[in-house]
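Hi everyone, thanks for coming. Could you bring the structure up on the screen so that we can walk through it together?

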Amino acid sequence: MSAPRPAEAGRPPWGSSKVAKPHLLESCLLSASGISKSYGGVKALDAVSIEVEAGSITGLIGPNGSGKSTLFDCICGFQRSDAGAVSLAGESLQGLSAQAIARKGVRRTFQQLRVFPALSVRDNLLTSAQSAPGFGYVQELLRLPSVRAHERAMRERAEAMLEEIRLTRLAQVLAGHLSYGQKKLLELGMALMTEPRLLLLDEPMAGVNPSLVEDLKVELQRVNDRGTALLIVEHNLKLVFDLSHQVYVLEQGRVLMKGTPRQVSDDERVMQAYLGVRQTAGAEQDGAID
Amino acid sequence: MINSVSPYLLHIGVMAGIYVLLVLSLNLMLGYCGLLSLATPAFVGLGAYASALLTLRLGCDSSLTLVAALVLGAASGVILGIPSLRLSRHSFVIVTLSATLLLQLVASNWVDLTRGALGLADIPSLRFGSFRIDGKPAWLATMVVVAALGIGVFWTIVSSRLGRAMVAVRDNEPLAVATGIDVMKIRLFAFACSGAFAALGGACYAHYLSFIDPGLFGFSISEALLVMVILGGSGTLWGPVLGAIVFTVLPEALRMAPELRSLLYGVLLLGFVLFMPEGLARCLSRPVNRAASAEAGQ
Amino acid sequence: MDASLLLQLGANGLSVGLGYGLAAIGLALVFGILGQVNFAHGEIYMLAAFVLWWLVKWFGLSYGAGFALMLLLMAGVGLLMAEAVFLPTLNRSFESVILASLAVSIILQNAVRLVFGATPQRIATPLESVNLELGSVLLFGQRLMVAAMAIASMLMLSAFLRKTETGRAMRAMAQSKEACQMVGIDPRRITRITAMMGAALCALAAGAMAPMFDLYPNMGTDIVFKSFAVVIIGGMGNVAGAALAGVLLGVAESYAGGLLGAVFRDGIGFALMIAMLLLRPQGLFGKSVRV
């Protein structure tokens, strides 16, 4: 975690020092274009288009009610958009059910923390690791050797994941008994069990204490280094700007702007819409976020 | 040795074995999938009538009729499940209840097939080739084997990935979907298995008591099963099984009038639902988890 | 086809249907406002009928006086149900309520069986020999009373829900329990009132219709199924829908029974319900506590 840079005139002290990884920028992993969604007379999303490059971290920020969670729902198949198309590495996701999209390598977390409370931590991870494609119910029940081999591999991966999210000693505990922070870690671990190509995180830092924020941030960076693209909705702007290669700003269901973290953080409109803060020389607005 | 045991006790043993099968049927839906299915009597009746009719009208060997009952039960689960499992959970309960009423209506009126309210009598006992299950001791042995097999199959299902998926869907459906679990498919599978278990129980019932009538589709089976599952511990493997044994033995031992027994069932059910919804099995295993969770909560 | 027969079947169906509607309104109300399916609904109907019979037979009350007293007593039963079933399970899983109300239905049915026995009973009514002839159509007095009561109570319920403060509070709770608490409406109080009204409406239907049929402890099962069918056809939680769907069911049954036979009369309820669930699960009118 780098020390905060001294405030330059007119600029907040954060700002991504990220250099885009050039070879990855060439492949657009997720493309959502023209997504619109209305509830009754209220337009939650109005022709929103975003792109996520493979292996990159994209931030999605905007005031409450700007449509971020709705966009996630539409991308992941939890809601059907009124218009627009979503494709993953060129393959259309139109009309696919949410579970089918999950099986294509798109995982997500939810704004309201979700785990399986009656299953142990380890079983939560195992349940999150999908069966291999082509395994029918019959094979699962008869516990054919191929199924058993897959199970073993999944158990090994679960153990490794337990290590990574540091819940090894709580492996047998029912997930419902974990503390909030532990559940957050478990939630992340679960989403990673299938080594997704794209992980959508809906406010991963909500309600998390600062030291755990740091841990989660390091973990997310590690995940990204391994090749998973991240699309993060967050209100913790410092975190978003530190991590992301590019940031989209949503306001009232529309894309206000898109750019590098520096571009976004410099933009007057974003400041007005989101932070209600104006640029002043030497200003340090670090602590005002959240 | 077993021949010296009172026939009455043997009878209770056989009925307990049958109820174990029925309880597995309900527990899979209610305990593991979190769906209150009142369709068990429907599957029981279907299995009973199918096996009985195949034996009476076509003289089929019991290996065939039992398989037919299993298949019919599973197929009915799928047929009933496809429209009803995508409804709200309230509607699912209503539809399953209505299915049993509808089948009762059909069984009472399709006299050519089922002899209507007269029922089917003189149903032969189970016969596998030249080997007949004759007499209560043989039946008890048979039911012990069948029930054990049923429990074995049940355990195979719930301890597999499929069982975990059912619990996942029960406890947090959106998360299960986000994990890639096909909700409808797993529920249909569970309902089909539930149908198969109950149909097998129904077939055994028909061949053991040698008489069935449309009343088999009535609510009293569900009434007893609910008590067995809820008190035993919905969602555990052994709780409802023990519940089945206890609540087959107890009413017989106490020799209660049917209305009084039903009244007691109602009171017990209400009490447990309100005050101890996890049943007795969970109560006993709770201290284990409490220790682990105390450590987690730091 | 004999026109007068068709008219007679239609008239019968209309009055029976209004009765179904009246019986189902309580169920729709409870579901719409509390979000709970009351499986003891049929047994409340049955208990109401038996209480009326008991008051008339053992205390020698007239039909009218017995009816009024029975309504009061059944409202009390509704309150008991609220205390025993709806309030404790207010924040619990939905199965808890269904199981608890199933348990209550088992208790009520068997309690009545033990106390009154299984012999079918009958209630005498002053309207027994009253008939009305409209052209070629014959309407029994009791059926007319059912129809009149059904219409009157639906109108009164509508006025109550729309014009009174409690009624508005009930409609608010149908929308959102949390929002209610934020504006100072007590969900527990609304739960009690709704349960009492649901029971009273069900009892009203029972008192009006019971004289037309034999009373036996099992009759709740038929009623609850008919009420479920009505509520599913009309739309769960839709009170006006229940009324209209009830009429639809009654008329359909009447024609099916009169023209095709008794089995079809019994079966058409299932058929309509299944068709509705397959084609339009939210019912003809969808969910809303509108009147």
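This is a predicted model: local features need pLDDT of at least 70, side-chain atom pairs count only at pLDDT 80 or more; totals for chains, interfaces and linings use all residues.

Let's begin with chain A. Its secondary structure comes to 11 helices and 10 strands. Of its 290 residues, 43% count as buried. If you take the contacts in chain A between residues at least 6 apart in sequence, 70% of them join residues at least 24 apart.

Now please look at the sheet in chain A. In what order do its strands lie? Going across this open sheet of four strands, you meet β2, β1, β4 and β5 of chain A, and the pairing is antiparallel. At the edges are β2, residues 42-53, and β5, residues 91-92, of chain A, each of which pairs on one side only. As a quick reminder, strands of a sheet pair through backbone hydrogen bonds, either parallel or antiparallel.

Let's follow the pairing of β1 with β4. Strand β1 of chain A covers residues 28-39 and strand β4 of chain A covers residues 83-88, and five bridges link the two in the antiparallel sense. S31(A) faces S87(A) in β4(A), and S36(A) has A83(A) in β4(A) as its bridge partner.

On we go to β5. β4(A) and β5(A) are joined by two bridges, again antiparallel. One pair to find here is L88(A), which sits opposite E91(A) in β5(A). The hairpin of β4(A) and β5(A) has two residues between the strands, and in this hairpin A89(A) takes a positive phi near 50°.

Before we leave chain A, please find helix α2, residues 68-76. Is this helix mostly covered or mostly uncovered? Mostly covered: eight of its nine residues are buried. Among the buried ones are L71(A), F72(A) and I75(A), and the list also includes K68(A) and D73(A). Just after α2(A) comes G77(A), with a positive phi of about 90°.

Next is chain C. Here we have 11 helices and two strands. Reading from the N terminus, the elements run α-α-α-α-β-β-α-α-α-α-α-α-α. The radius of gyration of chain C is 19 Å, close to the 19 Å that the globule rule gives for 291 residues, so chain C is as compact as a globular protein of that length. Along its principal axes, the C-alpha trace of chain C spans about 60 × 50 × 35 Å. Of the 291 residues of chain C, 51% count as buried. For contacts in chain C between residues at least 6 apart in sequence, the share joining residues at least 24 apart is 77%.

There is a helix pair in chain C that I'd like to show you. Helix α5, residues 141-163, and helix α6, residues 165-175, of chain C pack at about 80°, with their axes 5 Å apart. Angles of 65 to 115 degrees count as roughly perpendicular, and α5(C) and α6(C) are therefore roughly perpendicular to each other. At the contact, F160(C), L161(C), R162(C) and K163(C) of α5(C) meet G167(C), M170(C) and R171(C) of α6(C). By class, that contact has three nonpolar residues, one polar and three charged.

Chain B has a helix pair to show as well. Helix α2 of chain B, residues 40-58, packs with α4(B) at about 30°, and the axes are 8 Å apart. That makes α2(B) roughly parallel to α4(B). From α2(B) the contact uses P41(B), A42(B), G45(B) and Y49(B), and from α4(B) it uses A99(B), T100(B), L103(B) and A107(B). Six of these residues are nonpolar, two are polar and none is charged.

Finally, how does chain B meet the other two chains? Let's take chain A first: 25 residues of chain B are in contact with 31 residues of chain A. On the chain B side, the elements giving two or more residues are α6, α7, α8 and α13 of chain B. Which of them gives the most? That is α7(B), with seven residues. This side has 13 nonpolar, eight polar and four charged residues.

Note on methods. Residues are numbered from 1 along each chain as its sequence is written. Chains are lettered from A and ligands numbered from 1 in the order in which they are written. Two strands pair if DSSP finds at least two bridges between them. Axes are lines fitted to C-alpha atoms, for helices over the stretch in contact, and angles run from 0 to 180 degrees between N-to-C directions. Angles under 35 degrees count as roughly parallel, over 145 as roughly antiparallel, 65 to 115 as roughly perpendicular and the rest as oblique. Two residues are in contact if their C-beta atoms, placed from the backbone, lie within 7 Å. Ala, Val, Leu, Ile, Met, Phe, Trp, Tyr, Cys and Pro count as nonpolar, Asp, Glu, Lys and Arg as charged, and the others, Gly among them, as polar. The radius of gyration is taken over C-alpha atoms; the globule rule is 2.2 Å times the number of residues to the power 0.38. A residue is buried if 20 or more other C-beta atoms lie within 10 Å of its own, exposed if 12 or fewer, and partly exposed in between; C-beta atoms are placed from the backbone.
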